[in-house]
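Hi everyone, thanks for coming.

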Amino acid sequence: MTFGQSQDSTQVYKKRVLETTEVDFLSSYYTQDGDNAAVSGGIGSEELTDVTATFIVSIPLNDDDVLTIDVGVSAYTSASSSNVDPFDGDGSADPFVASSGASESDLWTNLTGTYSHSSDDRNDIWSAKLSVSAEYDYFSIGVGGSYTKLFNEKNTEVSINGNVYVDTWNAIYPTELRPFGQGGDGLNNGLFTQNTITGNANYNPDFTNLDSEGRNSYAVGLGFSQILSKNLQGSLALDLVMQDGLLSTPFQRVYFSDVADSFIENFHLADDIERLPDSRFKIAVGGRLNYYINETFVLKTFYRYYTDDWGIKSHTASVEVPIKISDKFTLYPSYRYYNQTAADYFNVYEGHLSTDEFYTSDYDLSEYSANQFSFGASYTDIFTKFHIWKLGLKSIDLKYTMYDRDNTLSASIISAGFKFVMD
């Protein structure tokens, strides 16, 4: 073999994008509580627990192409959701006490497949994505794709991504409003003949079923990343989202201040469901700045500004300081601050007027501030010494997060991630 031939063989060599199949298992346990449940019009328990499990399998198809399959399941129980029909369980009709009815729990499932292709020089990356999600009251199909370009000896990166989601609701209304919808029997319904209405006994909500149960979402994202120095890296991102269709939640109640109150036991019968515009445009712009301090510490910062045409404006700022204890162990404490203004259509329990066109008492759309504290730890073994069957353990991540809003909502989450590689 001549010297020239040796050079040619070196030039055609390229490193595989993914050397071997990788399997990630992610799991989390989430709990929350508060006093502003949207299902009961902005009052009552927000107690909820959620357990998730996700498997992600990344398969190298050849040197350049990778197929990723993401399967996720989330199971929750919710005190507020149980009050969609507070009369179908143990007989309790109190917004501050969970019913034991069928709506108290649910299961969400998701399947996403992503195909990515990298150019020979690894400076161009294309991807395409297809996803399907289902829950008891909605079904969603999503398609998307992205393109990333690296240049300046891979010190600079620009990217664009787009996603489209087509959702269909199976609208579920508060139980007391259903008899007043199309074809309903009103006060002749068994709910009212078998129970005594107190307060305004002539309960007659001005309720109509929703005209449409579809929702479309269109998202475009632009990204720019730059290595600024040996120790400093920065990035910018712009995200645009347009939604149209059913953007309100059909089982969330609203109460009007100019309508006389009607009750069954302690439960306030709804005046209407949440009504929101059928379009929404969102803009978010943010940036990251990461600084390598030394072999032990790295400083990661993030800021994002968000605005939409519903009147919400928000600021998010976070800082994380990974601490490398050894070659295998890293700790990463972090803090995140968030605040937002209220949507134009938000008001508190019994704060709306029946003459309003749009209304909601969902405190996710209210003015609030939130603090989030997290502490995580990761273990990495690049040699994958520990094995389960043909899978070598590459890393373990554990994280605990406390979240607290100034409108009574508080939550905590424990999450774990395990990465394996196939032998």
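Which residues do ring pairs link into a cluster here? They are Phe 25, Phe 55 and Phe 418. Before I go on, keep in mind that this is a predicted model.

Let's stay with rings for a bit. The count of aromatic pairs comes to 16. One of them is Trp 310 with Tyr 345, an edge-to-face pair with 6.1 Å from centre to centre and 85° between the planes. That pair links distant parts of the chain: Trp 310 is in the loop between β16 and β17, while Tyr 345 is in the loop between β19 and β20, 35 residues apart. Buried or exposed, these two, Trp 310 and Tyr 345? Both are buried.

Tyr 345 has 18% relative accessibility and counts as buried, whereas Phe 358, with a relative accessible area of 25%, is partly exposed.

And back at Trp 310, there's a charge to look at: Arg 280 lies over the face of the ring, 4.2 Å from its centre. You'll find another example at Tyr 368, where the charged end of Arg 405 sits over the ring, 4.1 Å from the centre.

OK, on to salt bridges. Side chains of opposite charge can pair when their charged atoms come close. How many salt bridges does a search of the whole structure find? Twelve.

Take Asp 24 and Lys 419, whose side chains meet at 3.0 Å, N to O. Asp 24 is in strand β1 and Lys 419 in strand β23, so the bridge ties together parts that are 395 residues apart in sequence. Asp 24 is buried at 12% relative accessible area, and Lys 419 is partly exposed at 22%. These two also belong to a network of salt bridges, together with Glu 22 and Lys 394.

Next, Arg 122 bridges to Asp 64, with the closest N and O atoms 2.8 Å apart. Both of those residues, Arg 122 and Asp 64, are buried.

Last one: Arg 253 and Glu 176 form a salt bridge, their closest N and O atoms being 2.8 Å apart. Arg 253 is in strand β11, Glu 176 is in the loop between β7 and α3, and they're 77 residues apart. Again, both Arg 253 and Glu 176 are buried.

Methods. Residues are numbered from 1 along each chain as its sequence is written. This is a predicted model: local features need pLDDT of at least 70, side-chain atom pairs count only at pLDDT 80 or more; totals for chains, interfaces and linings use all residues. Side-chain values use heavy atoms; hydrogens and water are left out. Rings of Phe, Tyr and Trp (its six-membered ring) pair if their centres lie within 6.5 Å; planes under 30 degrees apart count as stacked, over 60 as edge-to-face and the rest as tilted. Helices (H or I, at least four residues) and strands (E, at least two) are DSSP runs, numbered from the N terminus. Buried means under 20% relative accessible area, exposed over 50%, partly exposed in between (1.4 Å probe, protein chains only). A charge sits over a ring if NZ of Lys or CZ of Arg is within 6 Å of the ring centre and within 35 degrees of the ring normal. A salt bridge is a side-chain nitrogen of Lys or Arg within 4 Å of a carboxyl oxygen of Asp or Glu.
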